[in-house]
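Subject: Structure handover

Hi,

Here is the structure I promised to pass on to you.

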Amino acid sequence: MFNLPPLPFLRIKQKEVDIQDLCGLIKIHWRVGSTTLINDIYTRIDQISILWALITAIIFFTAQFCPISWQSQAIVWSILTVIGTAGMICLAHFWVVVEQLRWVVMFWSGLMLLGLGITDIGIFGSIPVILMNLCPLWLVLSAIGYIVMGWGMYSRTFILMGIFHLLGIMVIPHVLEWQFLTTGLIMASSLILLSELQWDMRPPIESKVLNAEQIEFNRRQHQLRQSQTR
C-alpha cells in the first residue's frame, strides 16, 4: 500500500523506542518472586489509547446498562469527551511536533467535538434520526479518524482499524438491543489493542526540533528495530 519496507500490521512491542517516545514513557514491571507478571512500556500515544478506551467504555456501557436519563448522560459524555480531547492534545504534543503530525491530533479533536455536538443536539433537541443512529455516528467518525491517521502516518494498521469500525456499522442492525455495548466493545477493544501492540508506521524523520545527537539516536533505534523484524 505504501512505498515502505514491509512490516507486520501488529507485532509485539519493541523496547527500542525513539526520543519522542521516551518522553513521558511509563514502564511497568511487576514480579512475584522470580515470576514476571507484567513487563511492558507505554508511550504517551499508548496512554492516549488507554485514556480513550476508558472513556469510551464508560460512555457506551453506561448507555447500555444504567437507567439514567439521556440528558444526564449527555452532560457526563460531554465532560468526558472534552477531558479526553484535552488529554490527547497534551499527551501527544511533543510526539506530534517531532513527527510533524500536529494536524492528526487537530483532526481527531475536530471529529470528537463534531460528534459531541451532533450527539448533544440530538439528545437535548429530541431529534429521532440522531438518537436512533448514535452508535453508527460514532463508528463512522472513528473510522474516518483512523483512516485519515493511517494515511498521514503511512500506517496500514490504522487504515484497517478504520475499515473494522465501518464493518461494525453493519453489525448494529442485528444487535439493536445491545448496540451500545457492541459499539463500546468495538471502539474500546481496538484502542486497547493499539496500546498493547506495535503498529506499523513510516520511519522516524529528521525533525527540526531534535538536535544532531537525538537524530542519530533515533536512527540507531530504527536500525535495531529493523534488525529484529527480519
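Below are the conventions, followed by what turned up.

This is a predicted model, in which local features need pLDDT of at least 70 and side-chain atom pairs count only at pLDDT 80 or more, while totals for chains, interfaces and linings use all residues. Residues are numbered from 1 along each chain as its sequence is written, and side-chain values use heavy atoms, with hydrogens and water left out.

Let's start with the salt bridges (a side-chain nitrogen of Lys or Arg within 4 Å of a carboxyl oxygen of Asp or Glu). The whole structure has 6 of them. One joins the side chains of Glu99 and Arg202, at 2.7 Å from N to O. Glu99 belongs to helix 3 and Arg202 to the loop between strand 4 (198-199) and helix 9 (212-229), so this pair ties together parts 103 residues apart in sequence. Helices (H or I, at least four residues) and strands (E, at least two) are DSSP runs, numbered from the N terminus. Glu99 is buried at 4% relative accessible area, and Arg202 also counts as buried, at 15%. For these labels, buried means under 20% relative accessible area, exposed over 50%, and partly exposed in between (1.4 Å probe, protein chains only).

Asp200 and Arg156 form another salt bridge, at 2.9 Å from N to O. Asp200 sits in the loop between strand 4 and helix 9 and Arg156 in helix 7, so the pair links parts 44 residues apart in sequence. Asp200 is buried at 3%, and Arg156 counts as buried at 17%.

Arg220 is partly exposed at 40%, as is Glu216 at 29%. Lys13, Asp40 and Asp46 are linked in a network of salt bridges.

Next, helix 6 (residues 134-153): its 20 residues reach 28 Å from first C-alpha to last, close to the 28 Å expected at 1.5 Å a residue (1.5 Å times one less than the number of residues). Of those 20 residues, 15 are buried, so helix 6 is largely enclosed by the rest of the structure. Tyr154 follows helix 6 and has a positive phi, near 55°. Val140, in helix 6, is partly exposed, at 33%.

Happy to talk any of this through.

Best wishes
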